[in-house]
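Try each task before reading its solution.

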Amino acid sequence: MTGRLFSKILFSFLLVLSIGTIALDFTVRSLAGQQMLTQAEQSLNEKTTLVAMEAAGGAAGNSGTFVRQVAQAAGTTVALFNAQGQLLATSNASGQTDATVQVDKGPALASVLAQKSQQESEVAGGRLYATARAGNGVVQLSSGLRGIQNVLNLLRSYVLLGFLIALVLGVVVAWFVARRVSRRAERVVAFANQLGGGNLSARMDAASLEAMPEIARTLNVTASRLERSFRGRESKQRELAALIDSMQEAVVAVDPEGLVSWSNAVMQQIAPGAVRKGRALVQTIRDPDVLACVEKALQERELRSGKARSVVQG
């Protein structure tokens, strides 16, 4: 019983824990990811504004040197475009200026070039780009989002670690609860077995069920009623037996299977030793009229009468 109960409790706990962990992971990653992306975008926009002001002030005379210095100082990738959108120079934080440096020529650049806005930012190809107008040209700063992804992965590992710790604790708690509940159930079963075995005086200690004393009280009330009922029936049966034994006529009781269940003293005197409880009536009384009368009474459940001509022991 403990094993089955433990499995059910553990399965329910695991189901709730899994749903809660998935919801927590999704919520934490969504909120934290959005918050970190917003902060990164705000920081990159501020850097882009400062670089655009420097470029507009004439600091970008040597475009290659300018973007390399800015990239190293800002720790980002910097690209410089002319008014027609042609790339003049680019450099990453390491000072690389070759074709491997990523630039974005998407909607943000087009919007700034068309002077629809002074500054735009967007995410493309796993990078965050900020593009701003700088005099007759355009500057663009970008940074990777790998740091944000690493933080999100770390948060997920913490959530999974919490899941494992909760699972271990859940196994222990489930086993403890299963043991306690199964012990209480075993006490109830033992009590029911006592009643089934005929011990109607058995009672259950309410303290043995701890948090469920009302169950013990209810079972005890039921047992008391059963005991009173059976005691009443036994008393009536004894009275009936005494009444029938006092009769001068022979009386024998037969169950629905045709087996003798009881006989009075007169019947025992007529057929001593032949009328036995649990023995077939046909083995005691051979009179066909009596046997036919008894059979019809059993089948039709009605009062029948007949005359016995002879009683022969089986």
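**Exercise 1. Get your bearings: in which order do the elements of the protein run from the N terminus on?**

Solution. Start at the N terminus of this predicted model and follow the chain: the elements run α-α-β-β-α-β-β-β-α-α-β-β-α-α. Next, take the totals, which are 7 helices and 7 strands. Then turn to burial and surface. Of the 314 residues, 30% count as buried, and the accessible surface comes to about 19300 Å², with 58% of that area belonging to carbon and sulfur atoms. Finally, look at how contacts span the sequence: of those between residues at least 6 apart, 46% join residues at least 24 apart.

**Exercise 2. Work out the strand order of the open sheet of 5 strands, and find its edge strands.**

Solution. Step one is the order, which reads 2-1-5-4-3 with antiparallel pairing. Step two is the edges: strand 2 (87–91) and strand 3 (119–124) each pair on one side only, which is what marks them as edge strands. Step three is the twist, averaging 15° from one strand to the next.

**Exercise 3. Trace the neighbours of strand 1, residue by residue.**

Solution. Begin with strand 5 (residues 137–144), which pairs with strand 1 (residues 77–81) in the antiparallel sense over 5 bridges. Within this pairing, Val-78 stands opposite Leu-141, and Phe-81 stands opposite Val-138.

Now move to strand 2, which is joined to strand 1 by 4 bridges, again in the antiparallel sense. Here Val-78 has Ser-91 as its bridge partner, while Phe-81 has Leu-87.

Last, inspect the hairpin of strand 1 and strand 2. It has 5 residues between the strands, and Gly-85 there takes a positive phi near 90°.

**Exercise 4. Is strand 1 enclosed or open to solvent, and which way do its side chains point?**

Solution. Recall first that side chains in a regular strand alternate between the two faces of the sheet. Apply this to strand 1: Thr-77, Ala-79 and Phe-81 point one way, and Val-78 and Leu-80 the other way. Then check burial, for which the cut-off is under 20% relative accessible area. Since 5 of the 5 residues of strand 1 are buried, the strand is largely enclosed by the rest of the structure. To place a helix in this picture, find helix 2 (residues 63–74), which lies across strand 1 and strand 2 and runs at about 35° to strand 2.

**Exercise 5. Does Tyr-158 count as buried or exposed, and which residues share its surface patch?**

Solution. Locate Tyr-158 in helix 4 (residues 146–196). Its relative accessibility is 52%, and the cut-off for exposed is over 50%, so Tyr-158 counts as exposed. Now look around it: Tyr-158 forms a nonpolar patch on the surface with Leu-154, Leu-161, Ile-165 and Leu-169. Together these residues have about 510 Å² of accessible area.

Note on methods
Residues numbered from 1 in each chain as written. Predicted model: local features only at pLDDT ≥ 70, side-chain atom pairs only at ≥ 80, totals over all residues. Heavy atoms only, no water. Patch = residues over 30% accessible without salt bridge, like charges linked within 9 Å, V, L, I, M, F, W, Y side chains within 5 Å. Areas by Shrake-Rupley, 256 points an atom, 1.4 Å probe, with all protein chains shown as cover. Salt bridge = Lys/Arg side-chain N within 4 Å of Asp/Glu carboxyl O. Helix = DSSP H or I, 4+ residues; strand = E, 2+ residues; numbered from the N terminus. Buried < 20%, exposed > 50% of the residue type's maximum accessible area, 1.4 Å probe, protein only. Pairing = 2+ DSSP bridges. Axes fitted to C-alpha atoms, helices over the stretch in contact; angles between N-to-C directions. Contact = heavy atoms within 4.5 Å.
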